[in-house]
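Thank you all for coming; could we have the structure up on the screen, please, so that everyone can follow along while I talk through it?

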Protein chains: 2
Amino acid sequence: MSRHPAGAGPAAAPSGAAGPAPVRQCPAFPTPSPHPAADLRPHRTHREAHMTMTSQDAPVEGLGAPALLEGARAAVEPELRAAVETLPRPIRRVARYHLGWADEHGAPAATGGGKAIRPALVLAAARALGADPLGAVCPAVAVELVHNFTLLHDDVIDEDPTRRHRPTAWAVFGVPDAIITGDAMLSLAVRLLAADPLPTAGAAVARLTECVIELCAGQQADCAFEDRPPEAVTLDEVLAMATAKTGALLGTSCALGALYAGAGDEAVAALDAFGREAGLAFQLIDDLIGIWGDPGRTGKPAGADLAAHKKSLPVVAALASGTEAAEELAELYRHPMDERAVRRAAAAVERAGGRDWAQAAAAERMAGAMDGLARAVPDVAAADDLLALAEFVTRRTR
Amino acid sequence: MSRHPAGAGPAAAPSGAAGPAPVRQCPAFPTPSPHPAADLRPHRTHREAHMTMTSQDAPVEGLGAPALLEGARAAVEPELRAAVETLPRPIRRVARYHLGWADEHGAPAATGGGKAIRPALVLAAARALGADPLGAVCPAVAVELVHNFTLLHDDVIDEDPTRRHRPTAWAVFGVPDAIITGDAMLSLAVRLLAADPLPTAGAAVARLTECVIELCAGQQADCAFEDRPPEAVTLDEVLAMATAKTGALLGTSCALGALYAGAGDEAVAALDAFGREAGLAFQLIDDLIGIWGDPGRTGKPAGADLAAHKKSLPVVAALASGTEAAEELAELYRHPMDERAVRRAAAAVERAGGRDWAQAAAAERMAGAMDGLARAVPDVAAADDLLALAEFVTRRTR
């Protein structure tokens, strides 16, 4: 069912198109990675997978989400690097730093980029619909670029000094370079998809840009909420914001994987809905980590979101609880907080039920996502990567 | 030669595409405008045009660039408004303010947006290649959106407080909203093009996003030059920067018009080159206006570029002249300038030959552009709109 038979994949240049300067396209079959998880296991049944898991010479099956993420990184990174190399030099320098590939002087570094959750979802969604995941490397690269564009701009907007244990790009290179590099990475993402000669490329670009507009709305709402007093933001508003800010790109990642698998409208919509639900679960967990995460693992100070007066999901749920703890939390949110106040605020969120609510809401979203997926994907076994990734994001601790 | 015969233009929705929420598409034939110049005069020969010019009942022909710009605005604005209306509300509010359609409270205003040079170039390029200009409204809207995206971000980056006689968007709504609205307008531009079912849409998106990356490089260079001492920027570097920052989008505007006219690679490339040359002429004139423009017309203080220590083309040419005036200018550029110093700097640019050089260089670029165009366009008469626009931008005074 792959749309990329050998020799006819997206590596072929569009013939006769009056396009811009040539760009290295996402090939259907990138250089084989030395990492075994890069073999993304197309077309196996759940039963075959189980059999393989019990055999000693197959290290891939059953490794679960960490191996899938590692595999996605291995499949996507060569294409991502090739794409970033096409950027003009001063912009490339900022992009390479932001992605963890270089230090601030441009010297190679391996400080580790993101977790590659979005690319992994693209590939897993393609596989869930019976296609070779490697045929969907191009949209996987595109969503990772879009994700990093949002990080660059959000760090400027939120004035966040740290990202992935390092100073943020704007803190190192200045606000102008961070804004410009974000703009260029967004454009690069779209250019990659648009240069793909697949007939589905137009729909993919339309979907991705629609998603970016939704991401913008989510980020805008997030900022707007910060200026409001704590009691003036409703849980529904924050849920809508989180859906736009996080759910949209996870949903789009799944939808692009489905689109590249040649799926019909209904399956694409179902995969989008799955990703959105999983994305909201992801955000709920992220918000918990923003309060109770280990600074050694998150790279941020303990309770960073509380200190920044973030109206995250557990906080707003706690504020809306009508409890005494809610009142204490609201009072704390009216003033700057020192370390002790942050600890008190965290305790108040917990006593007001915000922590339990967020955990239960994440589990509920995941259950809904999996139910929807089971109905949409004909071969349930093919969806095991997607399920593993979705479960992973609701269990992670950083 | 039009790719948009009646009833089969880009107004038709892509059938069966698993795209995002429906967006009002750029129709082939927008609502007729009450303004006569909106009739964009397809398929007339130069001779016919001349004949019409002499007849009393035909107010359109021969009005030249101002009427073409007015006509482009009339053709593009309904589509632009419809596209902006699809943006999420808080983002739309900023976009409408920036475009001059609303005041800071959202109340309707008619403070006048931009000059619509880029949309006019798209339409004129389509006509030059024998197509109905109204078939190219969609890319005309897209380039205007991209232009405004760059203005929003550039104003943040340059900390410019004023644009089109009003406070800039970031000054009114804050930096976050200005960045986010720019991102959304860029995405909207691409989404419009991608939603167009024309087979050429993919090439158009690739070209537009390639152009945005070039615009980013130009803006990055512009910022980087500001941090260097006056003598450390060469004229070649500033010319390359201006080509990227201004020439690229004017070239892309012409190229998209050609692409939508169904032109082949060679003609598209020739139109791109024409737009780039005209764009550099445009920038040269813009730089002169930045020094000698009338504040009442430009909406900026006299000599604003000098006060900001901008290394604009006439300034760098003056600095490179090896004259005594160059030394005086370099010295002035090493310190903050009051009004008197700005006047001295302007006089020094003039004495060092920067003003004459810029005027001559603009004329030279225009001559080159027109020569190239004459070779590329089979029916020279069809190119008269393009020529009128190109001449206009090198003669304007604001």
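In this predicted model, chain B can be superposed on chain A by a rotation of 180° with 0.0 Å of shift along the axis, and the RMSD of that superposition is 0.0 Å. The two copies are therefore related as by a two-fold rotation axis, and if you look for the place in chain B where a C-alpha comes nearest to that axis, you will find B:Gly202, at 3.2 Å from it. As for how the copies meet, 100% of the interface residues of chain B are also interface residues in chain A, so they meet through the same surface.

Let me turn now to the aromatic rings. Over all chains, the structure holds 2 aromatic pairs. In one of them, A:Tyr97 and A:Phe173 lie 5.4 Å apart, centre to centre, in an edge-to-face arrangement with 75° between their planes. This pair links distant parts of the chain, since A:Tyr97 belongs to helix 3 (residues 89-98) and A:Phe173 to helix 6 (residues 169-173) of chain A, 76 residues apart; both A:Tyr97 and A:Phe173 are buried.

And why do we call the pair in chain B edge-to-face? The planes of B:Tyr97 and B:Phe173 stand at 75°, with the ring centres 5.4 Å apart, and planes over 60 degrees apart count as edge-to-face. Both of these residues, B:Tyr97 and B:Phe173, are buried.

Finally, please look at the charges over rings in chain B: the charged end of B:Arg166 sits over the ring of B:Tyr97, 3.9 Å from its centre, while that of B:Arg355 sits over the ring of B:Trp292, 4.2 Å from its centre.

Terms used. Residues numbered from 1 in each chain as written. Chains lettered and ligands numbered in written order. Predicted model: local features only at pLDDT ≥ 70, side-chain atom pairs only at ≥ 80, totals over all residues. Heavy atoms only, no water. Phe/Tyr/Trp six-rings, centres within 6.5 Å; stacked < 30°, edge-to-face > 60°. Helix = DSSP H or I, 4+ residues; strand = E, 2+ residues; numbered from the N terminus. Buried < 20%, exposed > 50% of the residue type's maximum accessible area, 1.4 Å probe, protein only. Lys NZ or Arg CZ within 6 Å of the ring centre and 35° of its normal. Least-squares fit on C-alpha atoms with pLDDT ≥ 70 in both. Contact = heavy atoms within 4.5 Å.
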